[in-house]
Structures are given as structure tokens and as C-alpha cells.
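Try each one before reading its solution.

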Amino acid sequence: MVCVWALLVASAASAQPGTTGVVEPALSPRNANYTIIAALDPATRTITGTERILWRNITTIPATTLQFHVYWNAWRDDKSTFMRESALGGLADRSRSPGEWSRIDVTSVRLREPFDVDVTSSQRFIAPDDGNMQDRTVLLVPLGQSIEPGGAATIDVAWTAHVPRTFARTGAIGNFFFIAQWFPKLGVLQDTGWNCHQFHAGTEFFSDYGVYDVSLTVPSGWPIGATGVERGRRDNADRTTTHRYYQEDVHDFAWTTSPDYLERTARFEHPTLPGVDMRLLLQPEHAAQAGRHFDATRTTLRYYGEWYGPYPYGHITIVDPAWQSGAGGMEYPTLFTAGSRWLAPAGVTTPEGVTVHEAGHQFWYGIVGNNEFEDAWMDEGFNTFSTARAIAQVYDPNYLAVRYFGGFIPWVFKDVVISRETDGNRLAGYRRDARSDAQSTPTFEYFPSTGGSITYNKTALWLNTMERWLGWPTLQRILAAHFSRWKFKHPKPADFFLTASELAGRDLTGFFDQVYRSSNVFDYGVQDLKSVREADQYHTTVIVRRFGEAIFPVDLLVTFKDGSRATEHWDGNDRWKAYTYDRPSQALQAVVDPDRVLLLDVNATNNSRTVAPQGPRAATKWASKWMVWFEDCLLSWAALV
Ligand SMILES: [Zn+2]
């Protein structure tokens, strides 16, 4: 841990980010660089933009085409793959009046370097994922020439776009605008070709790192929040103002504007991590909540920074979106939206949960740039786990737990201790959808309405299982090493698994076979416990059973009336195993996995049996309370992305 730490701190110190958007030396390959000039007309909700892209081919194959994401075309009509999948998954939010749909029309594509050629007329939409020819979210542009490995191209693109009434946290309501995925953005060229998926209902984004230099024209007096920092401002004759934002080493650019925003600033300081200027744009009615936003963001910057590695940009923008905007709870480089609709009385941690989670995406997705189309669990799952863990450092025990468990039966208090691992990682949702997809299925092919439980909940639960199995120091070393090795790069699942086995000092392939490559569920339980008098002894028999298909080693704890105990370590491979004891005392209780190491066990209620006849009744009562509590947590957390 110390060695990894020293390296991380050293690299942060040399970055000297300041508040200019400059990161020196470069942390990323910077092979996809955008200079964008765009203007918003709020009256017609139209954006007119041009972009110059400086792109380098950092793969081993030549490029003869370019592929662009044109995300807003997903909300052009209900024939897009996004809308069809939304309908399939029952994900509603499909009704829009005519002016509330969106579109991006690319009006010009011109290659400037290495050869000047207008390729506008040869652009065409493709549908690499599902062949839906009515989907217009991936634009292919033939180059008519080859950009060799190591070569570069300069491309000019012009477009006009219509801002939707919010879909997927992007759009407008009244004079509030949240503008994301809004410009034609290159996919990622890999050694296997372009990775440029269509926009799907259940997945998000993937792009290369670069430098963004973006000039945005909006009505004068409308504050802007954006990726990067403002480096210039110019008032125009037509009562508009052009703001120039700049950021190096990011893979996306989002922005927001509204005349209603209040602006607040604060600072994150830490003895070993770089300082961060925090800027908050919030709704006037939430003026009193500024401190909570800053404190939650500090929680993320501190704990994620201490556990994984430092936040390198020197500034972050927190956006409190307008009521009913639908823009809350989303992440972009150096900027995220909190969840104003969840703001609640002090003491309930859910709004802090949203803020910590979205700030946390700066680390998992922003800095470590996994492919969210294919492996969304690599950021969402890691981040769900980390969110609950960070919150527990500051806000535990929170009122959710106290409200439901206060004054309950004593051994339930033991479970308050693991509330972060259960409610924080959303066991109920996983239990409901556990068999819906193997985690190794590409995320965009998960069934739309249940994929979240596999992406978020299952990953967080198996990370927690790893923590309770291998210990936090080991898991922390694994995650820190993964972060350090893959920051500003695009890791694949195998990269993480390799690092995990290496840092754990043992081959974890079998574990990942169970949790990642399979949709099997874990369910260990005590099938039977008998303890009968035979002469001067009690003969005790315990049958432990593997009710589920998935395999994990579990302990068995048998307690006896005289206070003595027996602990067994079962490899969990067979369907069942019997343990017998001849002791002077009668057995009292048998518990499989007594320390709840296996957080993925979908049925905790069969994990114990007592000899006393009141056992089953007590178990039922406990189980029903338990479910009420889980349901409450599920409702609280379901909207978090
Ligand atoms: Zn998320």
C-alpha cells in the first residue's frame, strides 16, 4: 500500500493542475481533441455548432473511415434503438409533443489534413449493434484515404441540433438547459476496428481522451457550468455572451446554463492530496443546501483519493438541476449533477449518496475510462461499492438503519453494522434480477429493465464479498493498482481480473467464473439441525446445503448450550455436507456463513437454524421486517445511476 501511495502522490504533485484546465505533463494520450464553437438560441432550443477535431490514430491498424456518435438522434422519433429498447424494457418516458423531440443534423464534414476533401455527401448512418436502419445514432464517414498508425487527421464538422425536453438527463425545461452528448463525437478506434455503438436505452458512453476548447454563446447574464474552467468571456452586440471553457485530459464535455443559477464556491484541502476548487451552481430554492453539496463532494474527493488515487484536475463543478428537469444524478468530466429531487431533511443520507456517487464517477469512468457500452459494471459497480463505503466513513450509522432497526431484537443490531454492504449495495434488487443476465454479457445486450441490478448491485455485492473474504487492505490494494495502471486508459474486464489475482496473491479466476461469467446464484443454508440425547452425551447432526448453483467456500458455526462452539470450513463444492458432534451439551444453533462474507447469498433467512421450537416463528418475523427495510432501500436507491 505504501509503495503504491508514494507513486500516486508523486504523480499528482507533478501535475500542478491549478485552475486553468491545463494539466502538465499530459496524463492521457490526447488523441481526440475538440475545438468547438457553438451558440444556443433558447427561444427555439436550437444549437448551431462547428468543431475542429485533431485526431491521432494510436492503434496498430490503418483507418479508412471515421465513426461518430450522434446521440441526440436517439430521441428523434420512436423508431430509434434507444426508444425501441425503452419500450421493450417498460422504461416509459416515451411520450413527447412534436417540439420536444431532438435531433442532430450534420451539415458538413470536411477533412482538412492530411488532404483537403469535403466528405459531407458520403456520410451515412450505420447500425452495427442491431441492424436497425431507422437508427441514426452512428454516423460513418469514408475518408477516401488511409490514416496509418501514428498518423493524424484534422476534421471540420458543422451541425445544428434541437434540444429535447429532457431524455436521459439531457435537455431543457423552461429556461434551464443541460447539454450533454450534444456534439458529433468520435467513437474509439481500437486494434479490432471502430468501437462506436448505437445509443442504447440501458447503456452510456465511451470515448477517447483529449483537449477540449469550447466557446459557448448564450444570452448575456446566463451563468454557465461546463467541463473545464472558463478562460475567457466576450459580450456580443446582440445581448449574448461567449464563454470559453478549456480542459485537458478528459474524454467528454458537457455544459449547462440557466438565468436562475446561484453560484457558490468552496475548496477541498487535504494533507496529501491536491486541493480542488469546488464550484456549485444551484437553484435559488436550495440556497440553504450549499454546504451539504460541498461536504458530500469533499467526502468523495477525500476517500476516493485516499483509497484509489488523487483527483488531478484542481477544480470540479457541482450542478443542482432545476426541479422536474430530469437532469439530476449524472456524471461528466469535472462536472456532475446532484439530485435535488432527493434533497431531504438532514440526517437522511440519500441526497449525500447521490452527490458522493456522481462525484465518484470522476474516478470510475472519468479518470479510468472503461467502455460503458460493454462493461458498465467497471464504473457503475465499482462506484456503487465505493459510494456506500465512503458514506459509511462519514454518515454511519444513518437514519435509514436507525429508523427501522432501533429497539429491535439484539442480534439484528449486528446487521446494522453491515447496512452499507446490504442496502448500500442494493441486495434486494440483485436478488430480484440475479438470473436476468450473466455479467459477462456486453452491457448493451442486458435486458433493459433488469440490467441495472447486474451492473450496479451485483458488482458492488461481489466487491463487498471480496472485502469480507480477502480483507479491505487487499481489496484496496487491488482497486488502487487497477486505478493507477488504467487511469486515462480503457481497461477491459480481463485487465481487472489479472490485477486482482496478482495483488491478492492467489488465483481468483474461480471466483470471477462464478460471479462474472455466470448468472448462477449463491444460496447456502442449514437444511437440518438435530441434537438428541444418547446416553450421557448429545448427538448433534448438522446438514448444510448448497441450494444455489454458484459455489463459494463458507464457514459453519455451531453453538451449544454450555457456550462451547464448533467452526467448520466447508469448500461449498458438493450439494450438501453433514457434520456430527458428540458432546455433553445440546446444540443450540447452527449458522452457515456466520460472518456474512458471501454478500451475494440471495436467501439469508435459511442460513441459520435453532434447536428450540420457536426458531421458525422468529425467523419469519425477522424476514418480513427485513423485506420491508430492503424495499424501502430499494425505493431510495433505484433512481441512482
Ligand atoms: Zn453511476
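**Exercise 1: a serine in a helix**

S386 sits in helix α5 (residues 377-395); helices here are DSSP runs of H or I with at least four residues, strands are E runs of at least two, and both are numbered from the N terminus. This is a predicted model, where local features need pLDDT of at least 70, side-chain atom pairs count only at pLDDT 80 or more, and totals for chains, interfaces and linings use all residues. Residues are numbered from 1 along each chain as its sequence is written, and side-chain values use heavy atoms, leaving out hydrogens and water.

Task: find out whether S386 is buried or exposed, and which residues S386 touches beyond four places in sequence.

Solution. 
- Step 1: S386 has a relative accessible area of 1%, so S386 is buried (under 20%; exposed is over 50%, partly exposed in between, with a 1.4 Å probe and protein chains only).
- Step 2: A polar atom of the S386 side chain lies 2.6 Å from the backbone oxygen of F382.
- Step 3: Leaving out residues up to four places away, S386 touches Y304, W307, Y308 and W364 (heavy atoms within 4.5 Å).

**Exercise 2: a hairpin**

Task: work out how many bridges join β24 to β25.

Solution. 
- Step 1: Strands β24 (residues 524-534) and β25 (residues 537-546) run antiparallel, joined by ten bridges; pairing requires at least two DSSP bridges.
- Step 2: G525 has R545 as its bridge partner in β25, while R533 stands opposite Y538.
- Step 3: Two residues lie between the strands of this hairpin, and A535 takes a positive phi near 55 degrees.

Terms used
A polar contact is a pair of N or O atoms within 3.5 Å; within protein, one must be able to donate a hydrogen and the other to accept it, and residues adjacent in sequence count only if both atoms are side-chain atoms.
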